[in-house]
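Please keep the viewer open as you read.

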Amino acid sequence: MPTVQRTQVGIVGAGPAGLVLSHLLHLHGIESIVLENRSRHYVEERVRAGVLEQNTVDLLNQMGVGDRLKREGLVHHGVELRFNGQGHRIDFRELTGGKGITIYAQAEVLKDLNNARIATGGQVLFEVEDVSVHEMNSSRPKIRYRKDGDECEVQCDFIAGCDGFHAICRPSIPAGVLTEYERAYPFGWLGILAEAPPSSDELIYAYHERGFALLSMRSPHISRLYIQCKPDEDINDWSDEQIWCELRTRLASASGWNLTEGPVQQKGVTGMRSFVVEPMQYGNLFLAGDSAHIVPPTGAKGLNLAITDVQILARGLEQYYAKGKRERLDHYSEICLRRVWKVQRFSWWMTSMLHRFPDDSPFDRRRQLAELDYVTSSRAAAKTLAENYVGLPLDDSLSGAGK
Ligand SMILES: Cc1cc2nc3c(=O)[nH]c(=O)nc-3n(C[C@H](O)[C@H](O)[C@H](O)COP(=O)(O)OP(=O)(O)OC[C@H]3O[C@@H](n4cnc5c(N)ncnc54)[C@H](O)[C@@H]3O)c2cc1C
């Protein structure tokens, strides 16, 4: 017989979605258990996103986990688009009425959240094995797992599938319920984390004949840099010097700007895809974050979108436990998808404008350059980029959700 635990919300995955949800629920007096198959160390050291939208920063502050973020986060009020060797700044502050983004690594967000969960007695179980979800369509769904060789079962009212793209929750939904929308891009990103002070105060997105490049950062001492590469690029084919050489070429500026270089701490290749599953719920199982959707990283949205999903889910669960009403939960998917598709559109648009496509023609390249010229010379176009980049306002009203 398995060891049985009882909670209100069982959460699979201790990434940003799972941990934010767990802590938000705690703040509203709702119990949860988080099950994570990796170790805490692994989760907290994994190099991933680093751009936080204003909404994400505001939420983390409201949740009481923003102290270190306030001290160490780098607030940016613009980005540079660089093409034809010239830089053009998109001024977020001026175009969005004072908004900006904050550079703070996803791994640091996770450390802060884990510390907050532990300090408040939260149950986050790392290194669990063979997680499976059951009876999602009933009022008593269950999550089974093994820990240290013991069979365990979490009995709950709801399950949150926050287990990322290579997940078990989404594939556990019966065939025919979900519709998948997908686009794979014919390129990837080769990314490095380098011990080098960022060579720019703000992110630089570069369009170049040899392909896209991005200069980003994680702290005043650590640069995060990317170059467009083949989707199946073998990282072992690239020496550090070749990567720096490619970055120097693609990021070159007529102004005589120099790229600061330093020891490469970590490097890897990430594939690029757009993916959405509809609906994002089945019975009492709710999918959130990368388990329901993936965006190409060009718009810096994956982490932010995951956090918005669970913000919406938490409000639905709060309504259920405070008032006994399921209205928000029943419309969870519709409310989320309105934002998900807008963010998909923006991420696809940024990706399409800035990357070289293998089969592009001289016409396509002229069109991309014209688009960049337009975005950087028209206030209306720049405003569109800026308001999407800092994050669209969170609309979780039921009015557009069939109500
Ligand atoms: C390699 C990589 C690089 C990225 N780089 C960037 C970037 O540079 N910029 C950017 O904006 N975005 C980036 N992203 C996207 C961003 O990091 C994600 O959108 C974000 O992590 C989504 O959060 P999540 O909580 O939904 O999923 P995740 O962060 O994936 O968390 C899911 C968690 O579930 C756990 N899990 C999985 N399966 C199971 C299971 N069976 N049982 C228990 N636990 C399970 C996983 O270990 C993980 O901890 C990157 C993503 C990846 C994968």
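In the side chain of Gln106, an N or O atom sits 2.7 Å from an oxygen atom of the ligand. That pair is a polar contact, meaning N or O atoms within 3.5 Å of each other. This is a predicted model, in which local features need pLDDT of at least 70 and side-chain atom pairs count only at pLDDT 80 or more, while totals for chains, interfaces and linings use all residues. Residues are numbered from 1 along each chain as its sequence is written, and side-chain values use heavy atoms, with hydrogens and water left out.

The backbone takes part at the ligand as well. A polar backbone atom of Ala17 is 2.9 Å from an oxygen atom of the ligand, and a backbone N or O atom of Asn37 is 3.2 Å from a ligand nitrogen atom. Around the ligand there are 28 residues, of which Glu36, Arg46, Gln106, Tyr226 and Asp290 come nearest; a residue is counted here if one of its heavy atoms lies within 4 Å of the ligand.

Now to the helices, which are DSSP runs of H or I with at least four residues, while strands are runs of E with at least two, both numbered from the N terminus.

| Helix pair | Angle | Axis distance |
|---|---|---|
| Helix 3 (54-62) and helix 9 (302-323) | about 55° | 10 Å |
| Helix 9 and helix 11 (332-354) | roughly 160° | within 10 Å |
| Helix 12 (362-377) and helix 13 (379-389) | about 90° | 5 Å |

How are these angles named? Under 35 degrees counts as roughly parallel, over 145 as roughly antiparallel, 65 to 115 as roughly perpendicular, and the rest as oblique. Helix 3 and helix 9 pack at about 55°, which makes helix 3 oblique to helix 9. Asn55, Thr56 and Leu59 of helix 3 make the contact with Asn304, Ile307, Thr308 and Gln311 of helix 9, where contact means heavy atoms within 4.5 Å. These residues divide into two nonpolar, five polar and no charged. In this grouping Ala, Val, Leu, Ile, Met, Phe, Trp, Tyr, Cys and Pro are nonpolar, Asp, Glu, Lys and Arg are charged, and the others, Gly among them, are polar.

Helix 9 also packs on helix 11, and the two are roughly antiparallel. Here Leu305, Thr308, Asp309, Ile312 and Leu313 of helix 9 meet Tyr332, Ile335, Cys336, Arg339, Val340 and Val343 of helix 11. By class, that contact has eight nonpolar, one polar and two charged residues.

Helix 12 and helix 13 are roughly perpendicular to each other. Tyr374, Val375 and Ser377 of helix 12 meet Arg379, Ala381, Ala382 and Leu385 of helix 13, a contact with five nonpolar, one polar and one charged residues.

Two loops deserve a look too. Most residues other than glycine have a negative phi, and most peptide bonds are trans. Asn84, not a glycine, has a positive phi of about 50°, and lies in the loop between strand 6 (78-83) and strand 7 (86-91). The peptide bond from Glu278 to Pro279 is cis, with omega near -10°; Pro279 is in the loop between strand 18 (264-278) and strand 19 (281-282).

Methods: Axes fitted to C-alpha atoms, helices over the stretch in contact; angles between N-to-C directions. Polar contact = N/O pair within 3.5 Å; in protein donor to acceptor, adjacent residues only side chain to side chain.
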